[in-house]
Amino acid sequence: MDVESGEGATGLMWSRLLTTDSPLSDDAAGAVAADEWNAANEASSVVESLDYEVIESVAYRDDQAMKGWWQLGSYVTLKWLFALFIGVGTGLSAFAINVAVENFSGWKFLATFAIMRHSYLAGFVIYALFNVALVFSSVYIVTSFAPAAAGSGIPELKGYLNGIDTPGILLFRTLVGKILGSIGSVGGGLALGKEGPLVHTGACIASLIGQGGSTKYYLNSRWIRMFKNDRDRRDLVTCGCAAGVSAAFRAPVGGVLFALEEVTSWWRSQLLWRVFFTSAIVAVMVRTAMGWCTHGNCGHFGSGGFIIWDTSGGQEDYSFYELWPMALLGVIGGLLGALFNQLTYMLSSYRRNVLHKRGNRVKIIEVCVVSLITSVLSFGIPLLNKCTPCPDPVKYPDIVCPRPQQHYGNYVLFNCPKDSQYNDLATIFFNTPDDAIRNLFSTKTVHEYSARSLLTFLALFFFLATITYGTAVPAGQFVPGIMIGATYGRLVGMLVVNLYKKDGIDEGTYALLGAASFLGGSMRMTVSLCVIMVEITNNLQLLPLIMLVLLISKAVGDAFNMGFYEQQAYLRQIPLLESRPKRFLRKLSAKDALHTSKVVSFPRVSKVGSIVSVLRSVSHNGFPVIEQLQNGETAVIGLVLRSHLLVVLQTKADFQHGPTPGHENRTKNKYSVTDFVKPVSSKGLSIFDVNLTAVEMEMYLDLQPFVNPSPYIVSEDMSLTKVYNLFRQLGLRHVCVVPRPSRILGVITRKDLLPEVILSMRFLTL
């Protein structure tokens, strides 16, 4: 490696690259900020970028220098302890939600069936009142206490892990609203699920553990303060997202892959181990809770509730000719998934831009109206359905038909006059979503559902799921997607059974493949979804078929629009950087992305009043700091963040009376790295929160100890695709654009980064 010798060669290279004949002329330098690329958008005043990059300022170097092996060991140990606590907390939260939903649903169905014996109208009134009361409790909690708890939360988490912070999404009140709101919305029979909210719940728990509690009540131990930064909080939130999926589906491996494929933009091997450990803890917690509930300790919650649909006893083999209808399922899933995405996007856009701007009262009325529509359809349509004779008890001795009213599963009696009949449409509607899916996935239940009932349910539930998502309640789309896909999948399975007249073909297998196809066509996940479907069905033999329908449905869906979560993030004006940059960026350079050639910068020693004036007049979050060299040239010594400036202005500890640069060590032991960290899910300190007197405004501040002396810089001619990849893969907030350099200090190759090579070079220079 050919480099200039001498201390500070790296800093000299940075200075010379940005040296100009006059102080920062218009074409001298620029800054591309991740939080400013969408400045023309209305969201620019709402969303903030996160500081995932390490700011190697003097304060940071002093803080690192004081840490020994004991602090490092404690830091690593705490990371694993936090992963353990996240798993335990998420598992307990999922257990509480499931027990509450199952019991509320059980009481609702028991009361409805008991009163239906005397009057259908009275039974409907009780059923509708139960649903409206539960849904009202959910929407009231969300609108008055935790607005950020509405929806699934996954688009916001994708944005957070992509580098965008939306205020409120990880607060304690959001966690409470998510848990209580999910119980009300799912228990109230709305066409939604609790799986997406569980992912958000896990992320909230992770964030709260990392900061020692809520923003108002928290532990302030110096050990916990080590994690109060965006980088460590990002790792903890990633563990929380994986824990949520693991708790929702009892799929620990699927949870890890979901975090890797769907929500994170940055990954490393050390994080993989902690995420896997967290998911494993969740699986143990869920299994332990279910074992305790099997003894009747949880009311109506018994073997059901936590999603797992065992199809291992179903179809064991398949022929080549069956691949065609299975491929057809992939096409149907892609088409219906794209249609569902577009319809929910249009309705959510109308709600966001028109309806919900009228206030919380409109949001509450809307959800209650949707609940009434759901109650009318789910109660009234099965009343119009014909009853079906129960299967022959001699031929099917293991089938209990109809089910006793205190149990829930297949073959619901509902309004049938004879005890030897059941209502197949009520079998789907009058169950919790988890049990309804278990019914649709059930194997060796040929002719349990008529084609007319399945078509009716498909049309009704697709309509209900479309109008429900976007209302002001916690709402997940995994379960509705599975139910929609399982319905048309079972229809295709009935067609295949009647067409091939072959033993061994099971309708439940096609229901499973249909569910996978709709989720693939809507959410556009592949690897994680494939593993989740295998884990929740306990059927590894169907793995190749699940892969087939997922690949086809994703390809078909991608031909029409973006994935479900990407569309919702776009609607919420979250500036996501997707994994692959657009093709047209290849034709552009870094210079083309600069909104203006005029750079807002600070001299190294700036007047306090000038700093305050700039911070009040612009919304930038990063400012180059310049210094006049002895030869008269101007050099940029680094980049200072708005958040750091605000902390220094607030403390006033470094104000000085003259414009002379201070000593580099004057800030030693004055600041900790955590002093410059913005509180989680909040807007942080504002320039208008800083109170300065007229005398203080005339004082000076040396910015050199607070700048990042080594920010990422690119040449103005670099392809914008490369700049895009830098931002996304490194989690950057700013990249400085400089003219093409006229001087080079050396070239670093791969071998120069090996530890033994670096240590040997340092030994030779001593």
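I began with helix 16 and asked what its buried residues pack against, and I found helix 12 (323-353), helix 13 (360-383), helix 14 (424-429), helix 15 (433-441), helix 17 and helix 18 (507-523). I note here that this is a predicted model, and I read every entry below with that in mind.

**Entry: helix 16**

I listed the buried residues of helix 16, and among them are Ser-453, Leu-454, Phe-457, Leu-458, Phe-461, Phe-462 and Ile-467. I then looked up the length of helix 16, which covers residues 451-468, and its 18 residues reach 25 Å from the first C-alpha to the last, close to the 26 Å expected at 1.5 Å a residue. After helix 16 comes Gly-470, and I wrote down that its phi is positive, near 105°.

**Entry: helix 17**

How far apart are the end C-alpha atoms of helix 17? I found 32 Å, which agrees with the 33 Å that its 23 residues should span at 1.5 Å a residue. I also checked burial, counting a residue as buried when its relative accessible area is under 20%. By that cut-off 19 of the 23 residues of helix 17 are buried, so this helix is largely enclosed by the rest of the structure. Lys-501 follows helix 17, and its phi is positive, near 50°.

**Entry: the nonpolar cores**

I looked next at the largest nonpolar core, which has 132 residues, and noted that Leu-170, Phe-249, Phe-430, Phe-441, Phe-478, Met-533 and Ile-546 touch the most other members. Helix 17 (residues 478-500) gives the most to this core, with 12 residues. Domain 1 (76-294) and domain 2 (386-572) each supply at least three residues to this core. I picked out Met-533 and, setting aside its neighbours within four places in sequence, found it in contact with Leu-512, Ala-515, Ala-516, Leu-519 and Ile-546. Another core, of 26 residues, lies apart from the one above, and its members include Val-614, Leu-645, Leu-649 and Phe-655.

**Entry: the sheet 6-8-9**

I traced an open sheet of three strands in the order 6-8-9, and its pairing is mixed. Strand 6 (602-603) and strand 9 (634-641) stand at the edges with a single partner strand each, so one side of each is left without a neighbour in the sheet. Strand 6 pairs with strand 8 (residues 622-628) in the parallel sense over two bridges, and Phe-602 stands opposite Val-625 in strand 8. Helix 23 (residues 642-651) packs on this sheet and touches strand 6, strand 8 and strand 9, while its direction makes about 80° with that of strand 9.

I followed strand 10 to strand 11 (residues 700-702), where the two pair in the antiparallel sense over two bridges, and Gln-656 stands opposite Tyr-700 in strand 11.

**Entry: Ser-137**

Last, I looked up Ser-137, which lies in helix 4 (residues 120-144) and is partly exposed, with a relative accessible area of 30%. The C-alpha atoms of Ser-137 and Gly-188 are separated by 9.6 Å, although these residues are 51 residues apart along the chain.

Key
Residues numbered from 1 in each chain as written. Predicted model: local features only at pLDDT ≥ 70, side-chain atom pairs only at ≥ 80, totals over all residues. Heavy atoms only, no water. Core = buried A, V, L, I, M, F, W, Y, C linked by side-chain atoms within 4.5 Å. Buried < 20%, exposed > 50% of the residue type's maximum accessible area, 1.4 Å probe, protein only. Helix = DSSP H or I, 4+ residues; strand = E, 2+ residues; numbered from the N terminus. Domains from an automatic or database assignment. Contact = heavy atoms within 4.5 Å. Expected span 1.5 Å × (residues − 1). Pairing = 2+ DSSP bridges. Axes fitted to C-alpha atoms, helices over the stretch in contact; angles between N-to-C directions.
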